[in-house]
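Hi,

Here is the structure I said I would pass on.

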Amino acid sequence: MFDQIVNTLTNPMTLLAILAAVAVFATIITLAMPLMAPDRLQKRMRSVAIERDKIRQRERARIAADAQNRASLRNDPARNLRRIVEGFNLRKALADDNTVARLRMAGYRGQAPLFVFLVARAVLPLILFVAAMIYLFFIGEYDQPAWFKVFVAILIAYVGFYAPVLYVRNTIQKRQQSIKKAWPDALDLLLICVESGMSAEASFRKVSEEIGAQSMELAEELMLTTAELSYLPDRRQAYENLAARTGLDGVKAVMLALTQAEKYGTPLGQSLRVMAQENRDIRMNEAEKKAAALPPKLTVPMILFFLPVLFGVILGPSVIQLMKQGIV
């Protein structure tokens, strides 16, 4: 029975059938995944609309009370997390202004994400350290000295301490990549809206609705900018907030051009046309750089996977002939 199973698995036709079935299954999954993916655009747009209402209420309260400007988007943080952060003074120990800015760049606005981030950096190393100690000393069978096991547990705890930072950094990179790809197209749409006679607020709102199919992140940022343009006393602050939330040089340049256009009265359409072309050229240059870097990256895969197969195809018949003649 065992020999029959081995013969069946080593049969070339059986292996070919298995590989074909795997390829067909992977193709079906690849084609079906976009159809099964949930549409999160409407959900995120509703979230942005709720946050815009919060901005309106907060700005009205600020104007009525003549308080300081508090136009940043805030969520009511979890009470338990707030107590932990304030009790251990984690904000002073683990956070600074750069931390808050990077969380906003990752799309996490308000105080609640900051508290979650701080608690994760404080609790995750302890959890991983205890789990590693239990596994190394009681579960795993490793003939290593105790100091080595403790050292490994400390390294795992160190990884847990920086894991939230790496997660936020990865989220920022993905978000910036999505915004960067859609930004030139958004500028073209914004140029069309401005030249048709629409105001800046209406143009940003219209572009946010149209660009959502290409980049939900950019649509969300433009919608927030629309809300800030409507309720902030200084329009320049709204443009600066958009540049700070994205962290992209192209967005910063466009926001600076819009600020100068409103300050000095220069035509807004001309500035947008120039900036759209520059951003499109930047995107093309980055694509050319990636294409130029492709041949060196393919060198190692070609050596490991293509050359052995090529040698096998070329030398295989000769080796077979030599084996038949008894030379080899």
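**What I found**

The charged end of Arg121 sits over the ring of Tyr162, 5.5 Å from the ring's centre. For a charge to sit over a ring, NZ of Lys or CZ of Arg has to be within 6 Å of the ring centre and within 35 degrees of the ring normal.

Before going on, some housekeeping. This is a predicted model, so local features need pLDDT of at least 70 and side-chain atom pairs count only at pLDDT 80 or more, while totals for chains, interfaces and linings use all residues. Residues are numbered from 1 along each chain as its sequence is written, and side-chain values use heavy atoms, with hydrogens and water left out.

**Overall layout**

The protein chain has 14 helices and 0 strands. Helices (H or I, at least four residues) and strands (E, at least two) are DSSP runs, numbered from the N terminus. Of the chain's 328 residues, 30% count as buried; buried means under 20% relative accessible area, exposed over 50%, and partly exposed in between, with a 1.4 Å probe and protein chains only. Looking at contacts (heavy atoms within 4.5 Å) with a separation of 6 or more, 64% are between residues 24 or more positions apart.

**Aromatic rings**

Rings of Phe, Tyr and Trp (its six-membered ring) pair if their centres lie within 6.5 Å; planes under 30 degrees apart count as stacked, over 60 as edge-to-face and the rest as tilted. That rule gives 4 aromatic pairs. Phe204 and Tyr239 are tilted, because their ring centres are 6.3 Å apart and their planes are at 40°. This pair links distant parts of the chain, with Phe204 in helix 9 (residues 200–211) and Tyr239 in helix 11 (residues 235–246), 35 residues apart. Phe204 is buried at a relative accessible area of 2%, and Tyr239 is buried at 2% too. Elsewhere, ring pairs join Tyr158, Phe161 and Tyr162 into a cluster, and Tyr162 is the ring under Arg121.

**The cores**

A nonpolar core here is a set of buried Ala, Val, Leu, Ile, Met, Phe, Trp, Tyr and Cys residues joined through side-chain atoms within 4.5 Å. The largest one has 35 residues, and the members touching the most others are Trp183, Phe204, Leu218, Leu222, Val254, Met255 and Leu272. Two or more residues each come from helix 3 (41–65), helix 8 (146–195), helix 9, helix 10 (216–231), helix 11, helix 12 (249–264) and helix 13 (268–292). Which helix gives the most to this core? Helix 8 does, with 9 residues.

**A few single residues**

The contacts below leave aside neighbours within four places in sequence.

- Met275 lies in helix 13 and counts as buried, at 11% relative accessibility. Its contacts are Leu187, Ala253, Val254 and Ala257.
- Glu195, in helix 8, is partly exposed at 48% relative accessible area. Gly269 is 74 residues away in sequence, yet the C-alpha atoms are 6.1 Å apart; Glu195 is in contact with Gly269 and Arg273.
- Gln176 is also found in helix 8 and counts as buried, at 17%. Gln176 touches Met105, Thr246, Gly247 and Leu248.
- Lys252, in helix 12, is partly exposed at 40% and is in contact with Ala243 and Gly247.

**The last helix in my notes**

Helix 14 (residues 294–324) has 31 residues and reaches 43 Å from its first C-alpha to its last, close to the expected 45 Å; the expected span is 1.5 Å times one less than the number of residues. There is also a kink of about 50° centred on Met302, where the bend at a residue is the angle between axes fitted to the seven residues ending there and the seven starting there. After helix 14 comes Gly326, with a positive phi near 80°.

Cheers
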